Amino acid sequence: SALSLGEVEEFYLVRNGTRVSAEEIMTMLGAPNALARNATNIMVGIHAFDRNQPFLIVAITNYDVVFQAMLTWEKRMGETLGAFFAPVNQPARIPTLTFTDQVLKNTDLRESQTEWPIVYAFPERSLLIITTNEATLREIMSRLAVSSAQ
């Protein structure tokens, strides 16, 4: 998608004329069943930063279950998120990802190593954001804060 710097674009996934549910999308992306079953709504999009950066914003029902599912998914996220999340100069082999704890704007996040970057955070107990860099995560969190304030 050709976007100007800072723009965000949402994609709607449709099958047979009907929008695909959040649970189906998360299942297609290889998320654990516990996460997919607790996904009630989803936004699939890209943010124009240094290149088009993919992201998922997922409304969830059970934080504790989803957080634990994310921890178990970490090792396979690189392969299951597929080409949508692949880095520009992706390695020949998808590495087994290792995540570390970080903090951004008083929000805990988990971040993988730099050769295959994936960042995720729960800015609220009912919301999960998955993306490829902290700048996109920061932008999404800022936009969500502004829309919540209105």
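In this predicted model, the side chains of Asp 64 and Arg 125 meet in a salt bridge, with a nitrogen-to-oxygen distance of 3.4 Å. Asp 64 belongs to helix H3, which covers residues 63-73, while Arg 125 sits in the loop between strand S8 (119-124) and strand S9 (127-131), so the pair ties together parts that are 61 residues apart in sequence. Both Asp 64 and Arg 125 are exposed.

Glu 74 counts as buried because its relative accessibility is 7%, which falls under the limit of 20%. The relative accessibility of Arg 110 is 13%, and Arg 110 therefore counts as buried by the limit of 20% as well. Glu 74 and Arg 110 are also linked with Asp 101 in a network of salt bridges. A further salt bridge is formed by the side chains of Arg 15 and Glu 24, at 2.9 Å from N to O. Arg 15 is partly exposed, with a relative accessible area of 40%, and Glu 24, at 34% relative accessibility, also counts as partly exposed.

Asn 38 lies in the loop between helix H2 (33-37) and strand S4 (39-48), and with a relative accessible area of 13% Asn 38 is buried. The side chain of Asn 38 reaches the backbone oxygen of Ala 34 at a distance of 2.7 Å. When neighbours within four places in sequence are left aside, the residues in contact with Asn 38 are Ala 59, Ile 60, Thr 61, Asn 62, Val 65 and Val 66.

Thr 80, which is part of helix H4, is likewise buried, its relative accessible area being 16%. The side chain of Thr 80 is joined to that of Trp 73 by a polar contact of 2.8 Å. Apart from neighbours within four places in sequence, Thr 80 is in contact with Leu 29, Gly 30 and Trp 73. Between Thr 80 and Val 58, which are 22 residues apart in sequence, the distance in space is 17 Å from C-alpha to C-alpha.

The largest nonpolar core contains 30 residues, of which Met 70, Met 77 and Ile 130 touch the most other members. Two or more residues are given to this core by each of helix H1 (22-28), H2, S4, strand S5 (52-60), H3, S8 and S9, and the element that gives the most is H3, with four residues. For Met 77, again leaving aside neighbours within four places in sequence, the contacts are with Met 70, Leu 97, Phe 99, Ile 118, Tyr 120 and Ile 130.

Definitions and conventions:
Residues are numbered from 1 along each chain as its sequence is written. This is a predicted model: local features need pLDDT of at least 70, side-chain atom pairs count only at pLDDT 80 or more; totals for chains, interfaces and linings use all residues. Side-chain values use heavy atoms; hydrogens and water are left out. A salt bridge is a side-chain nitrogen of Lys or Arg within 4 Å of a carboxyl oxygen of Asp or Glu. Buried means under 20% relative accessible area, exposed over 50%, partly exposed in between (1.4 Å probe, protein chains only). A polar contact is a pair of N or O atoms within 3.5 Å; within protein, one must be able to donate a hydrogen and the other to accept it, and residues adjacent in sequence count only if both atoms are side-chain atoms. Contact means heavy atoms within 4.5 Å. A nonpolar core is a set of buried Ala, Val, Leu, Ile, Met, Phe, Trp, Tyr and Cys residues joined through side-chain atoms within 4.5 Å.
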